[in-house]
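Subject: Structure handover

Hello,

I am passing this structure on to you. Please look through it first, and then read the notes below.

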Amino acid sequence: MESTQLVILAGLVIGLVYGCVGLLSGFCLMSSMRGWLAEGDGRLVRTYALAIAVAIAASQLLAGRGMVDLGKSIYLQPTFSVPVLFLGGLLFGYGMVLSNGCGSRALVLLGRGNLRSFVVVIVLAIAAQMTLKGLIAPARIALVQASQITVGANSLPSVLATLGVTGVVARALAAAVIVVALILFAFAHPAFRRSPGQVAAGVIVGLLVAGGWYVTGYLGADDFNPLPVTSLTFVAPIADSLQYAMLSTGLTPNFGIATVGGVFAGSLLTSLATGRFKLEGYSSPRHMLRSGTGAALMGIGGVMAFGCSIGQGLTGISTLAVGSFIAVAGIVLGTAAGLRGALRVQPLAVA
């Protein structure tokens with residue numbers, strides 16, 4: 001099997017597993033923060049924290065053994081724009097609250113029969129494509145060029161290197177501190193410890209991130225046909241998937257497109273097998289407008305931030321990139337603003 005075919009097949013399998021786990025566990029950053037900040041239920045946020053810990057540990061182990069060069073990913077760039085990353089994160093986080101979930105969650109819910117998620121996926125894809133290559137692209141590029149900086153240390157290990165800690169020690173120390181802190185945070189919660197399904201979901205999703213790096217960076221490595229080194233992310237892949245669905249002639253499927261299809265298929269198969277499939281729609285035109293607006297903000301913000309709550313929140317963070325922490329800070333603050341405070345998204349009135 002050629003490397004390209006192998007990567008596409010692996011992306012499909014990773015997506016299938018993610019779709020199944022996402023449906024059964026409710027894995028989603030927005031749901032996690034809403035449960036923690038608004039409802040007092042901290043189990044889902046612990047699941048997310050555990051997923052980050054596993055993703056970092058496994059990804060850094062692969063990189064430390066020389067199996068994956070994370071430096072070839074989009075996250076570890078020497079030049080980036082702090083304002084654009086942070087602003088993109090803010091837009092994505094707030095849009096996530098308006099739409100009641102991120103892009104990956106919309107794919108999972110679409111597989112369960114949620115037609116609201118169909119609108120979210122389509123609008124997100126169009127807004128992302130406009131920001132990547134369309135009408136909004138020139139403004140984004142101008143903003144990046146006006147504010148980007150070149151840094152000597154673009155990851156936490158390289159920051160430690162400036163303090164005299166270098167090589168394997170810097171990588172191990174940076175990863176260990178974050179991983180241990182996240183694991184302690186997760187398992188300090190009694191309700192989470194009594195939820196084996198949530199524990200398993202966190203471990204599996206974290207391993208899927210490392211699996212994506214392994215597939216694209218090791219199994220798919222080919223000097224004559226180099227492929228992007230990437231892992232789970234959803235904003236640009238959803239945009240690419242819509243474009244591929246419309247204009248497949250002359251286009252080539254890739255890891256991201258395969259993952260998007262796999263997530264939908266995994267959720268659909270799981271929902272049918274467990275009796276969870278149910279067609280659902282909008283309760284009012286206002287509901288649809290709010291959801292579509294949130295999807296547009298996620299598409300625009302996700303492109304600006306180089307990723308979503310999964311693409312930066314898990315995959316980007318797993319590289320220990322400084323830019324990823326900046327983007328995730330924006331996503332978290334944007335989500336928190338939508339859930340609490342003066343900018344809180346008010347519940348829709350029930351007719």
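How many nonpolar, polar and charged residues does the lining of the largest cavity have? By class, that lining has five nonpolar, four polar and no charged residues. Here Ala, Val, Leu, Ile, Met, Phe, Trp, Tyr, Cys and Pro count as nonpolar, Asp, Glu, Lys and Arg as charged, and the others, Gly among them, as polar.

Some ground rules. This is a predicted model, in which local features need pLDDT of at least 70 and side-chain atom pairs count only at pLDDT 80 or more, while totals for chains, interfaces and linings use all residues. Residues are numbered from 1 along each chain as its sequence is written, and side-chain values use heavy atoms, with hydrogens and water left out.

Cavity and pockets

Both terms rest on a 1 Å grid over the protein atoms alone: a cavity is a set of points where a 1.4 Å probe fits but cannot get out, and a pocket is an open set with protein on both sides within 12 Å along at least five of seven lines. Lining residues have an atom within 4 Å of a point. Grid points are joined across faces, edges and corners, and a volume is the space filled by probe spheres set on the points.

The structure holds one cavity of 30 Å³ or more. The volume of the largest cavity is about 70 Å³, and its lining consists of Ile74, Tyr75, Gln77, Phe80, Leu85, Phe306, Gln312, Gly323 and Ser324.

The largest pocket contains about 780 Å³ of space. It is lined by 35 residues, and those closest to its centre are Met30, Arg34, Val97, Asn100 and Gly101. Elements that each supply at least two lining residues include α2 (29-37), α4 (82-99) and α16 (322-339); helices (H or I, at least four residues) and strands (E, at least two) are DSSP runs, numbered from the N terminus. The most comes from α2, with four residues. By class, the lining of the largest pocket has 13 nonpolar, 13 polar and nine charged residues.

The second largest pocket has a volume of about 660 Å³. Its lining has 29 residues, of which Pro228, Thr230, Thr233, Ala236 and Asp240 lie nearest the centre. Two or more lining residues come from each of α1 (3-25), α12 (235-246), α13 (255-274) and α14, and α12 gives the largest share, four residues. The lining of the second largest pocket divides into 15 nonpolar, eleven polar and three charged residues.

Aromatic rings

Rings of Phe, Tyr and Trp (its six-membered ring) pair if their centres lie within 6.5 Å; planes under 30 degrees apart count as stacked, over 60 as edge-to-face and the rest as tilted. The count comes to seven aromatic pairs. In one of them, Tyr75 and Trp213 have ring centres 6.3 Å apart and planes at 85 degrees, so the pair is edge-to-face. This pair links distant parts of the chain: Tyr75 is in the loop between α3 and β1 (79-80), and Trp213 is in helix α11 (residues 196-219), 138 residues apart. Tyr75 and Trp213 are both buried (under 20% relative accessible area, with exposed meaning over 50% and partly exposed in between; 1.4 Å probe, protein chains only).

Phe187 and Phe192 also form an edge-to-face pair, because their centres are 5.4 Å apart and their planes are at 65 degrees. Phe187 is partly exposed at 30% relative accessibility, whereas Phe192 is buried at 0%. Ring pairs also join Tyr18, Phe27, Tyr48 and Phe234 into a cluster.

Cysteines

There are zero disulfides in the structure, a disulfide being a pair of cysteine sulfur atoms within 2.5 Å. For Cys20, the nearest cysteine sulfur, that of Cys28, is 17 Å away. The sulfur of Cys308 is 6.1 Å from the closest cysteine sulfur, in Cys102, which is too far for a bond. Cys308 is buried, with a relative accessible area of 2%.

Backbone

Two residues other than glycine have a positive phi. Asn100, in the loop between α4 and α5, has a phi near 65 degrees and is partly exposed, at 40% relative accessible area. Leu320 has a phi of about 65 degrees, lies in the loop between α15 (311-318) and α16, and is buried at 0% relative accessibility.

Regards
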